[in-house]
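Here's a quick briefing on a ligand shell and a domain-domain contact. Take a look at the structure first, then run through the points below.

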Amino acid sequence: MQTMKLTLKIWRQSGPNDKGRLETYPVEANEHMSFLEMLDVLNESLINDRKTPVAFEHDCREGICGTCNMVINGQPHGPMGGTTTCQLHMRHFKDGDTIVIEPFRARAFPVIRDLVVDREAFDRIIQAGGYVSVNAGQAQDANAIPIEKETASRAFDAAACIGCGACVAACPNASAMLFVSAKISHLALLPQGKVEAKKRVQAMVNQMDLEGFGMCSNVTACEAECPKGISVENIARMNREYLSSTLGSEVQG
Amino acid sequence: MMLDGKIPAGPLTEKWTQYKSTMPIVAPNNKRNIEVIVVGTGLAGAAAAASLGELGYAVKCFTFHDSPRRAHSIAAQGGINAAKNYRNDGDSTWRLFYDTIKGGDYRAREANVYRLAEVSASIIDQAVAQGVPFAREYGGLLENRSFGGVQVSRTFYARGQTGQQLLIGAYQSLSRQIALGSVEMHNRHEMLDVVLVDGKARGIIARNLVTGKLERFGAHAVVLATGGYGNVFYLSTNAMNCNVTAAWRAVRRGAYMANPCFTQIHPTCIPQYGEYQSKLTLMSESLRNDGRVWVPKKKEDAQAIREGRKKATDIAETDRDYFLERRYPAFGNLVPRDVASRAAKVACDEGLGIVPTGLGVFLDFASAIERYGKSKANSMGLHNPERPKIIELGEEVVKEKYGNLFEMYEKITGEDPYKMPMKIYPAVHYTMGGLWVDYNLETNVPGLFAAGECNFSDHGANRLGASALMQGLADGYFVLPYTIGTYLANDIRTPKFDTNREEFAATEKEVRERLDSLLGVQGTQSVESFHRRLGKIMWDYCGMSRTAEGLTKARTMIRELREAFYKDVFVPGSANEFNPELEKAHRVADFLEMGELMILDALNRNESCGGHFREEFQTPEGEADRDDDNYAYVAAWEYKGWGEDPTLHKEPLIFNDVHPSKRSYK
Ligand SMILES: Cc1cc2nc3c(=O)[nH]c(=O)nc-3n(C[C@H](O)[C@H](O)[C@H](O)COP(=O)(O)OP(=O)(O)OC[C@H]3O[C@@H](n4cnc5c(N)ncnc54)[C@H](O)[C@@H]3O)c2cc1C
Ligand code: SF4
Ligand code: FES
């Protein structure tokens, strides 16, 4: 097994009021490790030296829970496409590399400590309308409404979003359009979600603005960095939905 | 003491319906004044919190995650069972019930399991109404597939992300209740104790993980939906933060822990490759629909593969042992998990393992790719297609079915499973044991309920695939919202609980002392290193096969490890800040106690059943030898104090409607 000697430059910030800085750490890894296991090794050695380990978030380590979040050498979730930080493996790095690790940065994602940020803004956007209003027990038979396979599949593509926030971190304006539009599309495409589509898009977009996310200026860096391949077509769909919902309400109002 | 499961009277098939229509309920105007705490936002917790909110209760919901959507349920891949019989293949409520009871090796309660099968169909209806994008056929109707231990196709799925989509559905319903004000959500709050008032659960102490502050919350009832304890083994398929603390703290307050030794070892996981490894990755059971499990027949071949001198494809068809198909012709590769895992272990113990550590077998898709390729070529009107075309078409079909799993495998191992068989080995996956609950999902502590994986209720000694999601959502959407009313109906005049009461202050003080004592050791060894050692003891002696001798030894080892922990652990930082190491230390401390209880339970159960395999108790063919005369009971353990032996309470399992038979998949 080949070991590699790496230099890590990691963002350290003790809390929201600390200014924060990059600190340098040497670490030895091997190509079979995952990126997070490499950080585990670093933390174990920091603890053995009675130093404060680097705070970072993770849970499933399978690319599905959306918890892990780091900017690695300038890219959210690192260099590999369609890959979350936890799925990144060290075989994509080589001996002697210097790796810069920073938190997802956005006004709406304040730093809690080191690489840990607060992404509750995403929850509040969902609370604003990212659901179908159906109570437990109210549903009709699951096969009562057939849904075209193709449509179901497109809804699924949008529903695959893991709420990680890489799109925001990738965007020069820290816009959350990709995340929000993924939920709008997922639900608007399905007959079950159509009923509330207008109300939903307005409420979610308003909340997104309130949270302090930036505007979309069609850079599409979000799509490039999204680990789940969420397409910017969703943003176009959301814009259409938004427009038609406001037109609709003007006509009615 | 004999435990009372409070199973309602009447015929099995009518118990739930009759009980539901006669149980006490709380009027809407009273619900608003009744508070319920739900800890956990996985399928069970999110569904329960949302449904209780919809009913009008004042709910307070907690998770240690940064968002309710991160709960471990999100990682479930393969699917969810329901007795819909959409395939017209003879499925029914009864058949789902029977499969589950049999799959659990007759160590679950009939009435609970029947209810689970009964409400299963409504779960699918509910999920579709929420916008869960299940797989569909060209006609627009829902698609199904098969899982282990059954002969019908009743598993609904959403690509390989079923748990994610179901959890997002529940999370959305929960979010709606949060917006409506009926659920007060507390993210990044870890429950560290239950508060009892006059012997009833009336609140919790939670640590705000951002500030480190201990906070008190009162309620009329407390629901734990805090998941399983598979991470006792350190390496498992569970998410890194899954832990037993909530359940264990309830045990320390008097709740009984039932069947703790019933652990599920899942046959298809990516084998371990290094010491620094942090977790194991599951390859969904759905793969056994199409993957064939094998090892070489000859030890020389196995050795050559281990040493990299030969590849799987170099082994001739006649030199391969498809051992599941050989040993279990009726179910083949789709035998239940416990059976498949043990068979893989047997093959590797014989020296036939195919990875460098010796602990791995093949899961091969070549036949499926060819079969699908031919059938797709046919459907496209291609006659006599070339082999490469067949393979190409076959790979397309397999990709559509399992694409994301194949991708995940390739990301981790760097090998392409379309070209080379996957290498797999069993790993700890699920815990059937959990808090003892009665038919109402209430523990023996009044007012303390447990739902989802954290209770013991439905899976006996072995859970069938795609049944945990079903149980979590059944508990959360359709069972608990009713049964909790039987308790709360007596509480409509009870005012809200003032958290300045002495009981809250005293419990908070105990929690603070516990945290301070962990920080106070200031030893030299990391928390992680203790957890790793605990995991190894558990895996070696309380894993896939167990002996009285090994278990006895392991008990001593754990006690020594625990002693070392409290003498020499090093936890950096303080209690009044964001401190992940402190969180971990508290969890590992509880694992160190839970592990010992699992060992005691395994020692007590002098039989083999389901996931619990005691080497002393097996048939001449090496199958589990169950002892219904002496062990047809739920073992519920009562905590008796630090260093004391716990007391065993037995709930006899009475089978009126199915006759426990020898479980055979041959
Ligand atoms: C990789 C994998 C794949 C699986 N695939 C399938 C499948 O295909 N089909 C199937 O049926 N089952 C599957 N399972 C099993 C199934 O996913 C779980 O059993 C089920 O999701 C558990 O749900 P739960 O709601 O009980 O708990 P969890 O989803 O584990 O949720 C626990 C919740 O409790 C919270 N919590 C825990 N302790 C505390 C505390 N002290 N304070 C505050 N909050 C706390 C957590 O934050 C979390 O929100 C799979 C399991 C794994 C590991
Ligand atoms: S859209 Fe992509 S990048 Fe953005 S939150 Fe969802 S998964 Fe993450
Ligand atoms: S830790 Fe779950 S997606 Fe990375």
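A salt bridge here means a side-chain nitrogen of Lys or Arg within 4 Å of a carboxyl oxygen of Asp or Glu. Keep in mind that this is a predicted model. With that rule in hand, B:Arg327 and B:Glu623 pair up through their side chains, with N to O at 3.4 Å.

**The two domains of chain B**
- Chain B splits into domain 1 (268-427) and domain 2 (502-631), and each of them puts 10 residues into the contact.
- Their C-alpha centres sit 34 Å apart.
- About 770 Å² gets buried between domain 1 and domain 2 of chain B, and carbon and sulfur atoms give 56% of that.
- On the domain 1 side, B:Asp338, B:Arg342 and B:Lys345 lose the most area to domain 2, together making up 54% of what that side buries.

**Polar links and who supplies them**
- One salt bridge turns up across this interface of chain B, along with three residue pairs in polar contact.
- Helix 10 (337-349) and strand 15 (422-431) of chain B each supply at least two residues of the domain 1 side, and helix 10 gives the most, with four residues.
- By class, that domain 1 side has four nonpolar, one polar and five charged residues.

**Around ligand 2**
- The shell holds 13 residues, and A:Cys161, A:Cys164, A:Gly165, A:Cys167 and A:Cys226 come nearest.
- Helix 4 (166-170) and helix 5 (177-189) of chain A are the elements that give two or more residues to this shell.
- Its make-up is 11 nonpolar, two polar and no charged residues.

Conventions: Residues are numbered from 1 along each chain as its sequence is written. Chains are lettered from A and ligands numbered from 1 in the order in which they are written. This is a predicted model: local features need pLDDT of at least 70, side-chain atom pairs count only at pLDDT 80 or more; totals for chains, interfaces and linings use all residues. Side-chain values use heavy atoms; hydrogens and water are left out. A residue is near a molecule or strand if one of its heavy atoms lies within 4 Å of it. Ala, Val, Leu, Ile, Met, Phe, Trp, Tyr, Cys and Pro count as nonpolar, Asp, Glu, Lys and Arg as charged, and the others, Gly among them, as polar. Domain bounds come from an automatic or database domain assignment. Contact means heavy atoms within 4.5 Å. Buried area is the accessible area (1.4 Å probe) that two parts lose on being put together, summed over both. A polar contact is a pair of N or O atoms within 3.5 Å; within protein, one must be able to donate a hydrogen and the other to accept it, and residues adjacent in sequence count only if both atoms are side-chain atoms.
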